[in-house]
Amino acid sequence: MEAITSRIGHGQVLLADGAIGSLLMTRGLPRGAPPEGVNLEHPEILEEIARLYLEAGAEIIQTNTFGASPLKLANYGLAGQAVAINENAVRAVRRAVGEQAYLSASCGPSGRILQPYGDTDAETILASFITQMRALIGAGADIICVETMSDINEAQLAIQAARSVSTSIPVMATMTFEATARGFFTIMGVTIEKACRELEKAGADLLGSNCGNGSLQMVAIAKEFRKFTSLPLLIQANAGVPELRSGQVYYPETPEYMAEMVRELIGAGVAVIGGCCGTTPDHIRAMRKVVDEEMQHRQGIPEN
Amino acid sequence: MKILKQIAQCLESGDEAGVPPLVRQALTEGIVPKTILDDGLIAGMNTVGEKFRVHDIFLPDVLLAAKAMYAGMDVLKPLLLSAGVSSRGRVVIGSVQGDLHDIGKNLVAIMLKGAGFEVIDLGNDVSAEKFVTAAKNNDARVIGMSALLTTTMPVMKEVVDLLKKESLSGKIKTIIGGAPVSQNYAGEIGADAYGYDCAQAVAGVKKLAAAVQ
């Protein structure tokens, strides 16, 4: 399979998958239980979900390892099983997708706050990420996706951990921003400009944002990223800002709406587009169509 | 009382080492501990909470200010106790999901301690059962719950329902807060109060705790 970075280099836009958590819940994951517990007990569910997204047209399928760093798993007493949790997740997706899609291994925040603001030192967080990265890369991940970060230092540690295990594996890195009157910031106060500079410095191959925002804000975020980096961009929007309707969580953005917004994202120069919270295989299917149309349109225009 | 303003400003700038000497200075100037707490430390923390809410400052500043607040409270605590400033009662507090987004809850916990409550902080990912059990075991008057994600909000309703089921409604009051939560939602699930921000949450807990007595 051609390397993802070279495909993007040729101007292709790649479609990633959507949310996993909600699909796990409809398959019996109790609320409050760690989503990664499934990796030990029911990896076949991960396989099924990966297949759903593959059939919907995703070319990048993510593992269920967002919270699978030992530090984060320690909240559930699962730190000792971190290696198996990460390996099982990679193997389950591989069984489902083979070589038909890129296998992207997710790595979310440790849940700890770095000193001097919090109580955890950088070495502890780095060691935790290295354990996770070794398992993910060792089990055969094609890409590492460091995601939903708020603290630039923690994001850098995660990238550093991936790089310490493999110098060649493509690393994508996303942070989660809030719109404020003074522009976009993470909750830790990181601007998009700073994110671009520091993530690039740490060795990320793709940069961008996921979670926290619906499609419209994500287009604005993508444009802001484009101002500060020439690296390919990755965007995974939520299906809008969730509302509670008679006790049920409801994400307002329909597959059709998100698919139309894909045109805007491609127009803003985004190379990898996927979905975050609230997105489903139906969203990805609708987005697939638009990506294909846009790619055909692009091919129709002679290069100058 | 220039010194109280200095304490507040020092706390706002997150100067953990700077606050205790100022607090001691205020004491030597003859200001009573309760006033130093209310008009120095808590006043400063209120400003921090407000600035955070409007994105003037971010989490790192809040965390440093909180450390400075605790450093100041360490100086005052023994004096407040010996002065016989009694506890306003116990409050169980927790976030219904887990990550660094529990800062809102942490801020409220700090302010409640400052306001004279004994706070039992259950941390993150707290289940309905855990909230209610902790409140019963600790003889708490109020349960404070925070949520940042809509997906975890239903836990708040479970707590209210569980209290009702165990005939504890009225004996243990509930207050909720967090970005996706509203006064409307509090009404919908039958929570006793809603805190829009830190200051409102603390005021709400005071009112509820007094009603339980």
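**View 1. A:Thr148 sits in strand β4 (residues 143-149) of chain A.** This close-up, like the others here, comes from a predicted model. Is A:Thr148 buried or exposed? It counts as buried, because 23 C-beta neighbours lie inside 10 Å and the cut-off for buried is 20 or more.

**View 2. B:Ser167 has a positive phi too, in a loop of chain B.** Here phi is near 55 degrees, again in a residue other than glycine. The loop in question runs between α7 (154-165) and β4 (173-177) of chain B. B:Ser167 is exposed, because it has 8 other C-beta atoms within 10 Å, and 12 or fewer count as exposed.

View 3. To find A:Pro116, follow chain A into the loop between β3 (102-107) and α7 (122-138).

**View 4. Strand β8 (residues 206-210) of chain A is largely enclosed by the rest of the structure.** How many of the 5 residues of this strand are buried? The count is 5 of the 5, so the strand is largely enclosed. In a regular strand, side chains alternate between the two faces of the sheet. In β8(A), both faces are covered: A:Leu206, A:Gly208 and A:Asn210 are buried on one side, and A:Leu207 and A:Ser209 are buried on the other.

**View 5. β8(A) pairs with β5(A) and with β9(A).** Strand β5 (residues 171-175) of chain A runs parallel to β8(A), and 4 bridges join the two. One pair to pick out is A:Met175 with its bridge partner A:Ser209 in β8(A). Strand β9 (residues 233-237) of chain A is also parallel to β8(A) and joined to it by 4 bridges; here A:Gly208 has A:Leu234 as its bridge partner. Between β8(A) and β9(A) the chain passes through helix α10 (residues 215-228) of chain A, making a right-handed β-α-β crossover.

**View 6. Two helices of chain B, α6 and α7, pack against each other.** Helix α6 (residues 128-137) meets α7(B) at an angle of about 45 degrees, and their axes are 8 Å apart. The two helices are therefore oblique to each other, and the crossing is right-handed. Which residues meet here? From α6(B) come B:Ala128, B:Phe131 and B:Val132; from α7(B) come B:Val155, B:Glu158, B:Val159, B:Leu162 and B:Leu163.

Notes: Residues are numbered from 1 along each chain as its sequence is written. Chains are lettered from A and ligands numbered from 1 in the order in which they are written. This is a predicted model: local features need pLDDT of at least 70, side-chain atom pairs count only at pLDDT 80 or more; totals for chains, interfaces and linings use all residues. Two strands pair if DSSP finds at least two bridges between them. A crossover is right-handed if, with the strands pointing away from the viewer, the path from the first strand over the helix to the second runs clockwise. Axes are lines fitted to C-alpha atoms, for helices over the stretch in contact, and angles run from 0 to 180 degrees between N-to-C directions. Angles under 35 degrees count as roughly parallel, over 145 as roughly antiparallel, 65 to 115 as roughly perpendicular and the rest as oblique. A crossing is left-handed if the near helix is turned anticlockwise from the far one by less than a right angle, and right-handed if clockwise. Two residues are in contact if their C-beta atoms, placed from the backbone, lie within 7 Å.
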